[in-house]
Amino acid sequence: GLGKHLFESLKGKTAVVGVAKNPFRGINPRYALYRGKSKKPLYVTAEGVSFSEARAAVSSMSGTYRLPDLLKRVDQLCRSQDRESSTS
């Protein structure tokens, strides 16, 4: 996916952890991570770091809901930037 392309473009110098709110076609159910009391999982993938480390990191991030607080904020910032660039 996109994370693998990013990892390769960075020449493997930086680990990339992908977190998706929706499954993509063909993803193995082992990538599902349930946080808090959510009935819907996040899907965690990784390049340059073990899957178990990536999963543990996302699992331990602060926030009581499915999406960790930090990732929620990043998502908000990206969406607001996208809105600003489309109106320019």
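Valine 58, apart from its neighbours within four places in sequence, is in contact with Val17, Val19, Leu33, Arg35, Leu42, Val44 and Pro68. The model in which these contacts are found is a predicted one.

Val58 also belongs to the largest nonpolar core, a group of 7 residues. The largest share, 3 residues, comes from α2.

**Helix α2**

Within α2, the residues Phe51, Ala54 and Val58 are buried. Viewed down the axis of α2, the buried residues fall within an arc of 65 degrees, so they line one face of the helix. Ser52, Glu53 and Ser60, on the other side of α2, are exposed. The buried residues of α2 are covered by parts of the chain that include β1 (16-20), β2 (32-33) and β3.

**Arginine 35**

One of the contacts of Val58 is Arg35, a residue in the loop between β2 and β3. Is arginine 35 buried or exposed? Arginine 35 is buried, and yet has no salt bridge. The nearest side chain of opposite charge belongs to aspartate 69, and the distance is 6.2 Å. A salt bridge needs a side-chain nitrogen of Lys or Arg within 4 Å of a carboxyl oxygen of Asp or Glu.

The side chain of arginine 35 does reach the backbone oxygen of serine 59, at 3.2 Å. Leaving out residues up to four places away in sequence, arginine 35 touches Leu42, Val58, Ser59, Met61, Ser62, Gly63, Tyr65, Arg66, Leu67 and Pro68.

**Salt bridges**

| Residue | Partner | Closest N and O atoms |
|---|---|---|
| Lysine 21 | Aspartate 75 | 3.9 Å |
| Aspartate 75 | Arginine 79 | 2.9 Å |

Lysine 21 lies in the loop between β1 and β2, while aspartate 75 lies in helix α3 (residues 69-87), so this pair ties together parts that are 54 residues apart in sequence. Aspartate 75 and arginine 79 are 4 residues apart in helix α3, which means that about one helical turn separates them. Lys21, Asp75 and Arg79 are linked in a network of salt bridges.

Lysine 21 counts as partly exposed because its relative accessibility is 33%. Aspartate 75, at 26% relative accessibility, counts as partly exposed. Arginine 79 has a relative accessible area of 45%, and is therefore partly exposed.

**The whole chain**

The protein chain has 3 helices and 3 strands. Which order do the elements follow from the N terminus on? They run α-β-β-β-α-α. The C-alpha trace of the protein chain spans about 40 × 35 × 25 Å along its principal axes.

Of the 88 residues in the protein chain, 18% are buried. Among contacts between residues at least 6 apart in sequence, 47% join residues at least 24 apart.

Definitions and conventions:
Residues numbered from 1 in each chain as written. Predicted model: local features only at pLDDT ≥ 70, side-chain atom pairs only at ≥ 80, totals over all residues. Heavy atoms only, no water. Core = buried A, V, L, I, M, F, W, Y, C linked by side-chain atoms within 4.5 Å. Buried < 20%, exposed > 50% of the residue type's maximum accessible area, 1.4 Å probe, protein only. Helix = DSSP H or I, 4+ residues; strand = E, 2+ residues; numbered from the N terminus. Contact = heavy atoms within 4.5 Å. Arc of directions from axis to C-beta. Lys, Arg positive; Asp, Glu negative; His and termini not counted. Polar contact = N/O pair within 3.5 Å; in protein donor to acceptor, adjacent residues only side chain to side chain.
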